[in-house]
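Q: Could we go through a structure together, starting with its charged pairs and then turning to a helix contact?

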Amino acid sequence: MAGSAQSVFLAAPYPRVFAHRGLAQDAPANTLLAFAKALAAGATHLETDVHVSRDGVAVISHDPDLAALGRDVRIDQLAIAELKRINLGFGQSFTSLADALAAFPAARFNIDIKTDAAAEPAARAIRDLRATPRVLVTSFNERRRQHVVGLLPGVVSSASASLVARAVAAANLGLYAQVRRTLRGCVAVQVPERAGPVRIATPRFVAMMHRAGVEVHAWTINDPLDMIRLLDLGVDGLVTDRTDLAVAAATRRS
């Protein structure tokens, strides 16, 4: 498996249960409360997204703006102090990546860097908290993914969108050597079961990824029957909004 020997990100037991933005049951997504609920429900990993504030702080947020709150303003137009004063419900507000890493010092974080400007602030927060061994960094953008990996020696990473597309094509053609070359330096592919009419998570694809020493994490899986079916197919982890259901499905399957 690629990555640093010091990394503990993949030391958790199978199957991996990635809490997609935490567990947003009586908690706003991507908040400290949602993360706490996910861990209490049995999540093995926390999955989250990072943008950057106006004053250069890595901020946990999926969206680049506050449109969902009815406000016409971007995350990067507000300072971290302003973001922390915004009421997201249930006593929660926006949180910095550093605060989340500090609040859950044993938790493994799967971090999607959403913008170029967030790359260095996110890497700085991870370094300052000495959290490199327990995080995986990724991005849909390959150049951004490589940049963050370069800032965090020894960190593990999952494939960007372009690498996944190339790996899927090579796997479908049975080109093992090309799959291995494409995914060099990655410990996982994190994929939807389908992309439009194309089924990605097939037995052949999963087997090829495993042969290349790469885990397969399927997203975003919220139906218990789909969870069991994908685990039976051989996927290593489920990225889910429903940690509680995923943990229960994994327990029933075992």
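Predicted model: local features only at pLDDT ≥ 70, side-chain atom pairs only at ≥ 80, totals over all residues.

A: Residues are numbered from 1 along each chain as its sequence is written, and side-chain values use heavy atoms, with hydrogens and water left out.

Q: How many salt bridges are in the whole structure?
A: A search of the whole structure gives 13, a salt bridge being a side-chain nitrogen of Lys or Arg within 4 Å of a carboxyl oxygen of Asp or Glu.

Q: Which residue does Lys-84 form a salt bridge with?
A: Lys-84 pairs with Asp-99, and their closest N and O atoms are 2.6 Å apart. The pair links distant parts of the chain, with Lys-84 in helix α2 and Asp-99 in helix α3 (residues 97–103), 15 residues apart; helices here are DSSP runs (H or I, at least four residues), numbered from the N terminus.

Q: And Asp-112, buried or exposed?
A: Asp-112 is buried, at a relative accessible area of 6%, where buried means under 20%, exposed over 50% and partly exposed in between (1.4 Å probe, protein chains only). Its salt-bridge partner is Lys-114, at 3.6 Å from N to O, and Lys-114 is partly exposed at 23%.

Q: Switching topic, what meets what between α6 and α8?
A: Ala-167, Val-168, Ala-171 and Asn-172 of α6 meet Arg-204, Phe-205, Met-208 and Met-209 of α8, contact meaning heavy atoms within 4.5 Å.

Key: Helix = DSSP H or I, 4+ residues; strand = E, 2+ residues; numbered from the N terminus.
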